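Okay, thanks for coming, everyone. Let's get the model up on the screen and walk around it together.

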Amino acid sequence: MSKAGAMDLATGLGGKMDKSDVLSAVDKYEKYHVCYGGDEEERRANYSDMVNKYYDLATSFYEFGWGESFHFAHRWKGESLRESIKRHEHFLALQLGLKPGHKVLDVGCGIGGPLREIARFSSASVTGLNNNEYQITRGKELNRIAGVDKTCGFVKADFMKMPFSDNTFDAVYAIEATCHAPDAYGCYKEIYRVLKPGQYFAAYEWCMTDSFDPNNETHQKIKAEIEIGDGLPDIRLTGQCIEALKQAGFEVIWEKDFAAEAPVPWYLPLDKTHFSLSSFRLTAIGRLITKNMVKALEYVGLAPKGSLRVQDFLEKAAEGLVEGGRKDIFTPMYFFLARKPLSENQ
Ligand SMILES: C[S@@+](CC[C@H](N)C(=O)[O-])C[C@H]1O[C@@H](n2cnc3c(N)ncnc32)[C@H](O)[C@@H]1O
């Protein structure tokens, strides 16, 4: 269960923006998306504004419902959601062979939940790269509380143009973040540039699977719901990510869609038919209570106007994600491990 309370949710809503600007930001954000007349080209061209608005609006809801790590997990039977989330993070650290003293980059780090866990698990120094100011402020505070602020930090920048020299990091990872990139090749190429030769990049990508049929209206609707609910320009196919990695210069060591064989479906916490005390806030009844609480907070002026509409598009996202998962047309855990060769012609 998340440590954030109702007042944290209310005060964090809108992130760094002026509270009186939240309603117009929701308007602008919605207009980027298909259901409100927006199109993919416009989302790509304005990805930075769109994604930042999304995270200013959604971060405190994420922290309230999900905790400090904003990602799904491959889950075994008998494992709690929290345990599975941590194991999902440890798996990346193991795949990357992280060692004490390694300099590691977390691309699109959220408020740093995975960064803190991976730093404690491996004793590596992790830098979180994020374009959202509000998330970085939260992350710094949580790093201080966790006692990892001496070895880990944050850099505010766009992962399409990173402010690091070539060959800086011993390892790079990205968890459910590079799906926000307007083009995968451009983003992977930047990761390739800042990674030392011979070293590894591992990620969990959000992708449409081979079962997705672009001519099927239901599939299209699910994809659009996930895009609006999660601030995405366009969800790529798994094969497109692998192609982009190779084009960027990486050698793909192995890849796997962990959703395909997870003993417990990754979308279970969001499934309205499922009940869990330990992740109560994510259940249908938990979400209904949050909705009414946000409505009341907005009514009395403690939460900014527009808050309820944010809750509405997040609800849409939850429905799209569950349907996408049930139909096996979408995965939030397409894993790959890729290596930057020692030399360009290796
Ligand atoms: C779903 S969250 C995942 C956060 C984190 N990896 C986790 O698992 O907790 C996606 C993150 O990517 C970041 N992000 C999106 N687009 C970005 C960009 N162009 N440059 C840097 N960060 C970006 C967002 O601000 C957000 O922190």
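So, Leu302 sits in the loop between H11 and H12, where helices (H or I, at least four residues) and strands (E, at least two) are DSSP runs numbered from the N terminus. Leu302 is partly exposed, at 46% relative accessible area; buried here means under 20%, exposed over 50%, and partly exposed in between, with a 1.4 Å probe and protein chains only.

Quick housekeeping. This is a predicted model, so local features need pLDDT of at least 70 and side-chain atom pairs count only at pLDDT 80 or more, while totals for chains, interfaces and linings use all residues. Residues are numbered from 1 along each chain as its sequence is written, and side-chain values use heavy atoms, leaving out hydrogens and water.

Take H12 and its neighbours. Glu30 and Arg309 meet at 2.9 Å, N to O. Glu30 is in helix H2 (residues 22-31) and Arg309 in helix H12, so this pair ties together parts 279 residues apart in sequence. Glu30 is buried at 6% relative accessibility, whereas Arg309 is partly exposed at 27%.

Glu315 also pairs with Arg287, again with closest N and O atoms 2.9 Å apart. That ties H12 to H11, because Glu315 lies in the former and Arg287 in the latter, 28 residues apart in sequence. Both count as buried, Glu315 at 17% and Arg287 at 10%. There's a network too, linking Asp271, Glu323, Arg326 and Lys327.

Glu251 is in strand S6 (residues 251-257) and Arg339 in strand S7 (residues 330-339), 88 residues apart. Glu251 is partly exposed at 37%, and Arg339 is buried at 13%.

That's the tour, so over to you for questions.

Conventions. Salt bridge = Lys/Arg side-chain N within 4 Å of Asp/Glu carboxyl O.
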